[in-house]
Amino acid sequence: MRIGPIEFITPPLVEGPAIMFYVPLPHFLHQIPFSMEYADGKFGLPVTITVISTWFVILVLTLLFKMGTKKLEMIPGRAQVAAESVYEFLHGIIHQMLGGWTTKYFSYLATLFLFILGCNLLMFAPIPWGSFEDGMFVIGPAFRAPTADLNTTVGLAMLTTFTFLGTSIKLNGILGYFKGLLEPMPFMLPINIVGELAKPTNISIRLFGNMFAGMVIMGLIYKAAPMVIPAPLHLYFDIFSGVVQSFVFLMLSMVYIQGSLGDAECPNDK
């Protein structure tokens, strides 16, 4: 077996998530949205690298917390100490913002933060994956940061939007919520509507823009110096920036929820 020369190839810097495989569909479902013809006239749902990366992050988080909470003891082991440290850290941050409402929203906010953090840090330690393309064996990263895909960040932003809108409607009623859009004066209605629409746009575009820009910048650096591994820049774009953006998304989500709660008292505090 003869091995040819090894070359460094920089993939396109700006491209959508690659389609990894298709989920076959029966004939009567060929016309559903997002179905595509992929082979021999067959149709299926495309599964992109973003979806696979998301599954991987969920699997890793599930295994880590299964290990940390598998056998709870009064004298905790290392895994339990790590899980409790994460819980106490996030609980302290969320409690500072939401106070008595912490218990109600902790599960969502903590899961949101850990998921985004896992997605952001996924590219720091890329897992290699090999494939044949045009007769060449190509080795590249098996995953792609899901938060560098606008579909992921918009989905996360919509979850937060449903949360704070549901909170406001539950506390004030539907009429009370729409009445709030007329405050402080009725002519402020268009501005208040734009403000509500700007919230999910803000957090989704902010997270996507920062993560995608980091990937593009690192791609440019590797294209300019393919034989040099710029580790310090990876520490910034993959770790520092990823952690910061996770906190930003968490803090903005808490600000929006706290704004919907207003001065309402948590029933559990009474």
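Which residues does Leu98 touch, not counting residues up to four places away in sequence? Leu98 touches Tyr105, Leu109, Met254, Ile257, Gln258 and Leu261, where contact means heavy atoms within 4.5 Å.

Before I continue, a word on the source. This is a predicted model, in which local features need pLDDT of at least 70 and side-chain atom pairs count only at pLDDT 80 or more, while totals for chains, interfaces and linings use all residues. Residues are numbered from 1 along each chain as its sequence is written, and side-chain values use heavy atoms, with hydrogens and water left out.

The chain has 6 helices and 5 strands, taken as DSSP runs (H or I, at least four residues, for helices; E, at least two, for strands) and numbered from the N terminus.

I turn now to helix 1 and helix 3. Thr54, Val57, Ile58, Leu61 and Phe65 in helix 1 meet Leu114, Phe115, Gly118 and Cys119 in helix 3. The residues of this contact divide into 7 nonpolar, 2 polar and no charged; Ala, Val, Leu, Ile, Met, Phe, Trp, Tyr, Cys and Pro count as nonpolar, Asp, Glu, Lys and Arg as charged, and the others, Gly among them, as polar.

Finally, buried residues make up 30% of the 270 residues in the chain.

Key. Buried < 20%, exposed > 50% of the residue type's maximum accessible area, 1.4 Å probe, protein only.
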